[in-house]
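Open the structure in your viewer and keep the selection tool at hand. Please follow the stops in order.

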Amino acid sequence: MSQTPLYQIGTFAAGNRLLEEEQRTVQSSRERTNAITSGHRACRGCGEALAARVVLDAAQRVTDGRMVTVNATGCLEVFSTPYPESAWQVPWLHSLFGNAGAVGSGIAAALRATGRDDVRVVAQAGDGGTVDIGLGCLSGMFERNDDVLFVCYDNQGYMNTGVQRSGATPPAASTANTRPLGASVGNSFGTGKSMPQIAMAHEIPYVATATVADLHDLEAKVVTAMGLHGARYLHVLVPCPLGWGTDSAETVRIARLAVRSGLFPVLEAEHGEVTRVTTIRQPVPVEDYLRPQTRFAHLFRGDGRPDVITALQERADRYIARYGLLPDQPGDDAEPRDEVRP
């Protein structure tokens, strides 16, 4: 009987044995901490649940479990802590929607005042609690260079309250309050903001972007961030099957298409300067990323909206040029990093 070789990595399966031990992910170890354990109430295929477990398990490993987590109101908080239950197996505090940065700063200050420099702080929020409601507190944390790693799980909308637009919702996306009615194409072009660029403008020690399509990369960036002190920011793209209208089994593929289309640049920056980018080895047109999502379905009905798709392609092309995301582009003197392969 013929046997098919196994090549998958990062799991308990046979494929993980093909890697040297130091190359294996935290998730492949039976000793992983399971910072967020099973039994929570996230939707099937939730990118945020996957990212949060990977981020906090990696942070737990680096700190030997000596860490405190602050969690803003939002999907992650709601599905993981339905009173009186909790899926968290780390010291975890629930902050208000908009003050996770301030609460994290306060905890870091209290630890410093009591001489507990061995305990680290990680603050978490969705894009609503980061890009919109929590921006003032987060900017203050950056300005003071407080010793906190702030992680934004970006699902590009207020998914917990009914899929409304946020400052991270992309142009042309249909949400509960950006319906493509009449002349509207969905969410307006020229709105929103880039939180990674805002973080870089504060010239804090470390800023990075990542996705759930490359968990090795995500873990490595958490390890790098936890090896530094001062304010650090990690922005993780986490597709939401409910809000994006994608199949629950397609979360990782959609995140990968976001990177390969150029609409979500994956990079690292130190003190305001981009130091490394993930190059796109197999670029795809933005249409390949948009079509599987019902929030962009109006762009393809009837005669479609080729003008809007062209505008989104131009947006991706600007990101590709700005950061030098193609292997033959020089970029901003940033060191290239290979893209994860499908």
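The tour goes from the nonpolar cores to a helix pair and then to the cavities.

This is a predicted model.

**Stop 1: the largest nonpolar core.** Select Val55, Val122, Val151, Tyr153, Leu218, Leu234 and Val236. These have the most contacts inside the largest nonpolar core, which has 35 residues. Now colour helix H1 (47-63), which gives the most to this core, with eight residues.

Next, centre on Val151. Which residues is Val151 in contact with, leaving aside neighbours within four places in sequence? They are Val55, Val122, Ala123, Gln124, Ala125, Leu234 and Val236.

**Stop 2: the second core.** Select Val68, Val70, Ala108 and Met141. They are among the 34 residues of a second, separate core.

**Stop 3: a helix pair.** Show helix H3 (residues 100-113) and helix H5 (residues 135-144). Their axes are 6 Å apart, and the helices pack at an angle of about 40°. On the H3 side, pick Gly101, Ala102 and Ser105; they meet Cys137, Met141 and Arg144 in H5. The contact comprises three nonpolar residues, two polar and one charged.

**Stop 4: the cavities.** There are three cavities of 30 Å³ or more in the whole structure. Select Thr73, Gly74, Cys75, Phe97 and Gly126, which lie nearest its centre among 21 lining residues. H2, strand E3 (120-126) and helix H4 (127-132) each give two or more residues to this lining. What is the lining made of, by residue class? Eleven residues are polar, eight nonpolar and two charged.

Conventions: Residues are numbered from 1 along each chain as its sequence is written. This is a predicted model: local features need pLDDT of at least 70, side-chain atom pairs count only at pLDDT 80 or more; totals for chains, interfaces and linings use all residues. Side-chain values use heavy atoms; hydrogens and water are left out. A nonpolar core is a set of buried Ala, Val, Leu, Ile, Met, Phe, Trp, Tyr and Cys residues joined through side-chain atoms within 4.5 Å. Buried means under 20% relative accessible area, exposed over 50%, partly exposed in between (1.4 Å probe, protein chains only). Helices (H or I, at least four residues) and strands (E, at least two) are DSSP runs, numbered from the N terminus. Contact means heavy atoms within 4.5 Å. Axes are lines fitted to C-alpha atoms, for helices over the stretch in contact, and angles run from 0 to 180 degrees between N-to-C directions. Ala, Val, Leu, Ile, Met, Phe, Trp, Tyr, Cys and Pro count as nonpolar, Asp, Glu, Lys and Arg as charged, and the others, Gly among them, as polar. On a 1 Å grid over the protein atoms alone, a cavity is a set of points where a 1.4 Å probe fits but cannot get out, and a pocket is an open set with protein on both sides within 12 Å along at least five of seven lines; lining residues have an atom within 4 Å of a point. Grid points are joined across faces, edges and corners, and a volume is the space filled by probe spheres set on the points.
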